[in-house]
Amino acid sequence: TGIGLGGMGGGRIGERVVGGEDVKPFTPEEAREIVMSLEKPAVFRNMVLDWPALHWNVKYLCEMLGSKTLQFRMGVKKMDTAPQFETKCSFVEATLEEFLAWNCEPSACSSGPFHSYDSSKYWAYADYKYIARIFEDKADIFQEVKWSDFGFLGRNGRESTLWIGSAEANTPCHVDSYGCNLVLQVQGRKRWHLFPPEETSFLYPTRIPYEESSIFSQVNVVNPDLKNFPLFKRAQAHVVTLNPGQVLFVPRRWWHYVESIDQSTVSINSWIELDTDHEARVEEAITRTLVCAIKSVENPSIDDAWLNPTEVKVTSHETNLRYLNGAASAYLEYEKGSKKELGHPRTHHTERATADSSKKRKVQDNAKLEGCLLPAFDSGLTKAKAKKFSKIPFGLNLIQVLPQLQEGNSTGGRRVESDRGDLINENEEGHFGKLPFTGKPSVMNNEYGTLADQTDPDSQASSCPTAISTNDLLDCVVNPQVVSLVARLLLDRARV
């Protein structure tokens, strides 16, 4: 499935030769311009062949980390139609040496932290590990990751995360609220299924489980339940197999599902913050406030683990309002700064120079601005950007990730096109549209019956399979488009 992009075998083909020395296919300035212009995922080749981090296979990392333990997420190797969210997984604290023994010599693991997990039935994933934390006593190792080759000066392993997994380890389909993403594949292969922002409604977004900066899809994109999620058949996956030595660029707001193919995989990534993150932080603060307020007053259920394990605790309503006010103030200050520099407008893909580039840079940490500017609510490609995009040098060293052919499409979907080519008009059917509504009846009207007491076990609503749940309500209330509209209304109010 998808397209393979070859390994490192013919890696030096296509490189420029200057003065008898091999030169990377793109200068840092060229690579940065490409990244900041791309609207679709693409793979860079022959850009990292001299990076010391390419030696970071599991055995090497075992030696570097020694007895230090990592948390592994344990998932079941099964073809279920439901995504394996982190709330459904168990966790193991183990050293990389213990992981390597379990993964490569399972017969020798009758004891230890993995002993109750049959490696033929379970996968393990040490995902999202900040290199700055796990190598805090080996700061020199940060320089072995050189994102400066892509034009992001000073960015290295300190601003990167490490992902170590076994075969079939996966990340459920989701979209990141903040920034864009550069991913280096170090060991093994990973398969990526990517979906463009305009197909969000086909992916049934949800904020349960809740995690700041991650919007999950309710669909298992490799084994979809089309009965419950019929619109997903319209989704068009862009599938690519990422090989060692290659770097994948994931544009802003692109959905992605990632799965390890080989027995052991190692990846390194860095999230590049963008100007649009100012607005996104307001939206995330609104979402957090609403989700916590509604879920906190609901009778707790063992089956409803709504807070993702990555979130430490439920924050109070007062704390969440402070986050929201801080994010709104930060956006307005940033907007004020942008008006002072109207002579030098930036597109919404402008990267922000910041010491903290983690995916989850919390909204409360963004109170102080770094003088970035952005035309408010940029809603699409400008003519200048479109022209710039058309000149991107796709070829041997930069490969565009294309939509999967219909006949090989694991989603069973079709390509949806508009008069703009491969971009869907926001008003077309299937994108976020108006909710069907006829009239304005009261929920207490006799025609609809009396509201059932959800706490009553004999209640018809609680026993009815079609009853609307709190999570159903939240899926609508904190739908990304609804939250975007609320953010604009709040910011308009705050400007007065």
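This is a predicted model: local features need pLDDT of at least 70, side-chain atom pairs count only at pLDDT 80 or more; totals for chains, interfaces and linings use all residues.
Which residues in helix 5 meet which residues in helix 9?

1. To take the question head-on: helix 5 brings Leu290, Val291, Ile294 and Lys295, and helix 9 meets them with Thr470, Asn471, Leu474 and Val477. Sorted by class, this contact has five nonpolar, two polar and one charged residues.

2. Now for how the two helices sit. Helix 5 covers residues 277-296 and helix 9 covers residues 470-477; their axes lie 11 Å apart and the packing angle is about 165°. Angles over 145 degrees count as roughly antiparallel, so helix 5 is roughly antiparallel to helix 9. The crossing of helix 5 past helix 9 is right-handed.

3. Nine of them form an open sheet, and if you walk across it you meet them in the order 6-5-7-8-17-10-15-4-18, with antiparallel pairing. At the edges are strand 6 (90-95) and strand 18 (398-400); each has a single partner strand, so one side of each has no neighbour in the sheet. From one strand to the next, the twist averages 25°.

4. A handy place to start is Arg73, whose bridge partner in strand 7 is Tyr125.

Technical notes. Residues are numbered from 1 along each chain as its sequence is written. Side-chain values use heavy atoms; hydrogens and water are left out. Two strands pair if DSSP finds at least two bridges between them. Helices (H or I, at least four residues) and strands (E, at least two) are DSSP runs, numbered from the N terminus. Axes are lines fitted to C-alpha atoms, for helices over the stretch in contact, and angles run from 0 to 180 degrees between N-to-C directions. Angles under 35 degrees count as roughly parallel, over 145 as roughly antiparallel, 65 to 115 as roughly perpendicular and the rest as oblique. A crossing is left-handed if the near helix is turned anticlockwise from the far one by less than a right angle, and right-handed if clockwise. Contact means heavy atoms within 4.5 Å. Ala, Val, Leu, Ile, Met, Phe, Trp, Tyr, Cys and Pro count as nonpolar, Asp, Glu, Lys and Arg as charged, and the others, Gly among them, as polar.
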